[in-house]
Amino acid sequence: MARITVLGAGVCGLATGMLLARDRHDVTVLERDPAPAPESPDEAWERWTRDGVAQFRQPHYLQPRARHVLDAELPDVRDALVTAGALRFDTLETAPVSLAHLERLADDERFVTLTARRATLDQVVARTAATEPRLEVRRGVLVSSLTTRSRSSTPHVVGVRTQSGEELRADLVVDATGRRSPLPRWLEEAGTAPLHEETEPSGFVYYTRYFRSRDGRRPQPRERLLAAIGSISILTLPADNDTWSVTLFGSSADRPLTQLRDAGRWTAVVTACPLHAHWLDGEPITGVLPMAGALDRYRRLVADGRPVVTGLAVVADAWACTNPSLGRGIALGLAHAARLRDVARTELGDPQAFALAWDHATETELTPWYRATVAVDRARLAEIETIRMGSVRPRPDDPATVLGAALARAMPHDADIFRAFSEIAGCLTLPGVVFKRPGFADRVLEVAGAHEVTPLLGPTRDELLRLIG
């Protein structure tokens, strides 16, 4: 069995470590943040310092695919989450009013998720990992560089060097350091060919507030958890232990939105959204938490069919990250970790074969999700800009964009289309796969064409500007 070093003890780094350790590899996880995991979710929320996780107390949600991966691969983590107060949530509860009497089907269980605040999820995963045989987690260790040796014409990673000068040898190094991964610098210093990287600002700014129930009851959705209302979007996320979050977000170029840092103005805007105002019915447990500067970023370590380096795998947000409001990061990161385990089972003994097989698995199964998410971001930003500027939005001519817009228009009026929409939203099935089902695209276009666009209830642009002063 192999010696494997995983960089980053976030959710996906520890999940990767546990999956590999359960295949009898000896795994060491190195984490830059020194504080150990607290004993309870409440302590994690109140006192755990996780500077390496920028979104640690920002809105967080697990899509149904995350629950599927936990059921299949990490049932002990799933059970620990339930014990810690995670919420079992049926995403079909978000069916629009027009589908209020949605007939339940035998396979609707696939739409159920298990969700929690990021602090709770991190605490549960960390405490579970701490009991894992063959897995050592070392906190407060900052990795400064990769160590390499030549293997034919391709550099081969043989370990890492820490800031203190310690060198750790490994048969495989896994970068799971998240959105802030310094991988390009490490590779440049190691003398490899540059990796392929695509980076652009996601273009959104977020204003979030957390609440806790006063009576043990959580608000029931009256609309989708993520809803577009003119030049802003509203995100309402149920979480663990009778908590939830409400987020207003819009274009980072929309300077008046900075006024949403003020709790009074933020509350006034949410109150003006009739289908969402009831989410304010709770005790606020934070002020307004702003977040900006998130990137859409994608990396690839194979160019022209050749790896730029071997002995290295990149997973989850260290590989690709997107707009967090779609809630796809952890779900896809856990799926990515499970696939890494699978590829290691068959290819780890041959570094070149492993690098190519890992690239193939990532490109065929994960990259389409990245592309689809970025397309959604761009379409929504374009819509926001036309509303902000009072201009007429040109009709899209890209087939994927046309079908995506038609799906959103049609899904409130057809149960099958709503389920297909929920499959995509829950990271269960790729959009391209859904639209290739016989007759489905034609049906979506037919239903969408029979219905006018119905804007969600909420403030117009002028009303929004008045509300935020």
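Phe-211 and Trp-244 are both buried, where buried means under 20% relative accessible area, exposed over 50% and partly exposed in between, with a 1.4 Å probe and protein chains only. The model is predicted, so to speak of local features we require pLDDT of at least 70, and side-chain atom pairs count only at pLDDT 80 or more, whereas totals for chains, interfaces and linings use all residues. Residues are numbered from 1 along each chain as its sequence is written, and side-chain values use heavy atoms, with hydrogens and water left out.

Let me stay with this pair. The ring centres of Phe-211 and Trp-244 are 6.2 Å apart and their planes lie at 15°, so the two rings are stacked. The rule takes rings of Phe, Tyr and Trp, the last by its six-membered ring, and pairs them if their centres lie within 6.5 Å; planes under 30 degrees apart count as stacked, over 60 as edge-to-face and the rest as tilted. Distant parts of the chain are linked here: Phe-211 belongs to strand E11 (residues 204–212) and Trp-244 to strand E14 (residues 243–251), 33 residues apart. Ring pairs also bring in Trp-266 and Trp-279, which form a cluster with Phe-211 and Trp-244. The count of aromatic pairs by this rule is 10.

I turn now to the chain as a whole. It has 15 helices and 21 strands; these are DSSP runs numbered from the N terminus, helices being H or I of at least four residues and strands E of at least two. The radius of gyration is 23 Å, close to the 23 Å that the globule rule gives for 469 residues, so the chain is as compact as a globular protein of that length. That radius is taken over C-alpha atoms, and the rule is 2.2 Å times the number of residues to the power 0.38. Along the principal axes, the C-alpha atoms fill a box of roughly 60 × 45 × 45 Å. Of the 469 residues, 55% count as buried. Among contacts (heavy atoms within 4.5 Å) between residues at least 6 apart in sequence, 75% join residues at least 24 apart.

Finally, Glu-73. This residue lies in helix H3 (residues 64–73) and is partly exposed, with a relative accessible area of 25%. Leaving aside residues up to four places away in sequence, Glu-73 touches Leu-19, Arg-22, Ala-338 and Arg-341. Between Glu-73 and Ala-372 there are 299 residues of sequence separation and 26 Å in space, C-alpha to C-alpha.
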